[in-house]
Amino acid sequence: MRKEQAMTPRFLSRVLASVLALVASVLACGPAGAHPDPANQKVAILIFDDVEVIDYSGPLEVLSDAGFEVFTVGATRDPVTTSAGDAVKLIPKYTFEDAPQADLIVIPGGGFEAARDSATVAWIKRQSEHAAHTMSVCNGAFTLANTGLLDGLKATTTAGNINRFRQTYPGIQVAPEQRVVDNGRILTTAGLSAGIDGALHMVDIMKGEGAGRSVALDIEYDWRPHGGFVRGAMADRLIPSIYGALHAQKVEDAFDVANFGDNDHWDRALWYKTPQTPGELFGILKGAYEEAFAKHGGPWLPHSLQLQSASPLSAKLAFKDREGHRWEGVLSVEPQSEAGQVGWRLAIRRAR
């Protein structure tokens, strides 16, 4: 039978040294699931002339409050005029040539969408090779799509650009019903204030679950990551734009517009000063909607529109969406009391 090793002072000191080394190793690595110090994580926010103020400032507020090192990047260091015009101008901290490698890249929207062969797209692609995450806000999704990083993925953009995005990038699955779409490394958000939601989501990802909620409370923002308001899911997504057709018929822009509704119904009214008679305008509207609903690329089922006259200046309508749901409504024109003014109304609702 083998003798037990004697518990000599030298043996005990070796055991103690091993235990201390193990403890030091664990402390150095941190607890399981720990995230890097936010101060050591860099966030690059792209800016350019006519950048939408809330698209960059919302994420900037959230991510800087979370403790990340946040900086702006432009093509040059020339002052950038924002969507607010001369009221808000920015000077990029870095250019494409000297910007440090970022852990998160934020691509806001505005009056510029970078082309595939642009310096902006080239910079995003270089940065994204080593960045942990790349995020777009609003129509910044078009710039992100032009990098190829969204190919085959799911994405969203601002509500008014959903149909254009779907038509421009058929290889991308468009998700208008989501405010934030996370594909792992690549994230897109809906328009404007949705960039705040996307940034809060990234705080949770980069700092740990619950960190985003803390920032939301600090900035007094009603963050609902699992529900709430999604502009692109509302029923007016099923009303195609006919403004181009109206302009072609010499119908000027409306001087007043009213919209209200939700995901299951929408009511739109517009008022014009126009030389057309109410009957002429009604005929133009019918033709424009018949043509628009016949086109592919929208959430409606092409050629499904049916119009049935209800009076000389109104018609009942019915159509289907891409999921096969039936919708019904009324299109009508109403002369106004003031000479030369006419209003028209389109109301739709999901059929029961």
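## Terms and basis

Buried means under 20% relative accessible area, exposed over 50%, and partly exposed in between, with a 1.4 Å probe and protein chains only. At 62% relative accessibility, His 303 therefore counts as exposed.

This is a predicted model: local features need pLDDT of at least 70, side-chain atom pairs count only at pLDDT 80 or more, and totals for chains, interfaces and linings use all residues. Residues are numbered from 1 along each chain as its sequence is written, and side-chain values use heavy atoms, with hydrogens and water left out.

## Overall make-up

The protein chain has 9 helices and 17 strands. These are DSSP runs numbered from the N terminus: helices are H or I with at least four residues, strands are E with at least two.

Of the 352 residues in the protein chain, 43% are buried. The accessible surface comes to about 18,400 Å², and carbon and sulfur atoms hold 53% of that surface. Accessible areas come from the Shrake-Rupley method with a 1.4 Å probe; for residues, only the protein chains shown count as cover. Contact means heavy atoms within 4.5 Å. Among contacts between residues at least 6 apart in sequence, 59% join residues at least 24 apart.

## The open sheet

An open sheet of 7 strands runs in the order S5-S2-S1-S6-S7-S11-S10, with mixed pairing. Its edge strands are S5 (94–95) and S10 (180–182), each pairing on one side only. Two strands pair if DSSP finds at least two bridges between them. Strands of a sheet pair through backbone hydrogen bonds, either parallel or antiparallel.

S2 (residues 69–74) pairs with S5 in the parallel sense over 2 bridges. Gly 74 has Thr 95 in S5 as its bridge partner. S1 and S6 run parallel and are joined by 3 bridges; here Ala 44 has Ile 105 in S6 as its bridge partner. S6 and S7 are also parallel, over 4 bridges. Ile 107 stands opposite Ser 136 in S7.

Helix H3 (residues 119–128) lies across S1 (42–46), S2, S6 (104–107) and S7 (133–136), running at about 155° to S6. Axes are lines fitted to C-alpha atoms, for helices over the stretch in contact; angles run from 0 to 180 degrees between N-to-C directions. S6, H3 and S7 make a right-handed β-α-β unit. Right-handed means that, with the strands pointing away from the viewer, the path from the first strand over the helix to the second runs clockwise.

## Two nonpolar cores

A nonpolar core is a set of buried Ala, Val, Leu, Ile, Met, Phe, Trp, Tyr and Cys residues joined through side-chain atoms within 4.5 Å. The largest has 53 residues; among those touching the most other members are Leu 63, Leu 104 and Trp 123. Helix H6 (residues 194–207) gives the largest share of this core, 6 residues. A second, separate core has 30 residues, including Trp 266 and Leu 346.

Leaving aside neighbours within four places in sequence, Leu 104 has contacts that include Val 43, Leu 63, His 133 and Met 202.

## Two positive-phi residues

Lys 250 sits in the loop between H8 (243–248) and S12 (256–261). Its phi is near 65°, a positive value in a residue other than glycine. Lys 250 is exposed, with a relative accessible area of 61%.

His 303 lies in the loop between H9 (278–294) and S14 (306–311). His 303 has a positive phi of about 65° although it is not a glycine.
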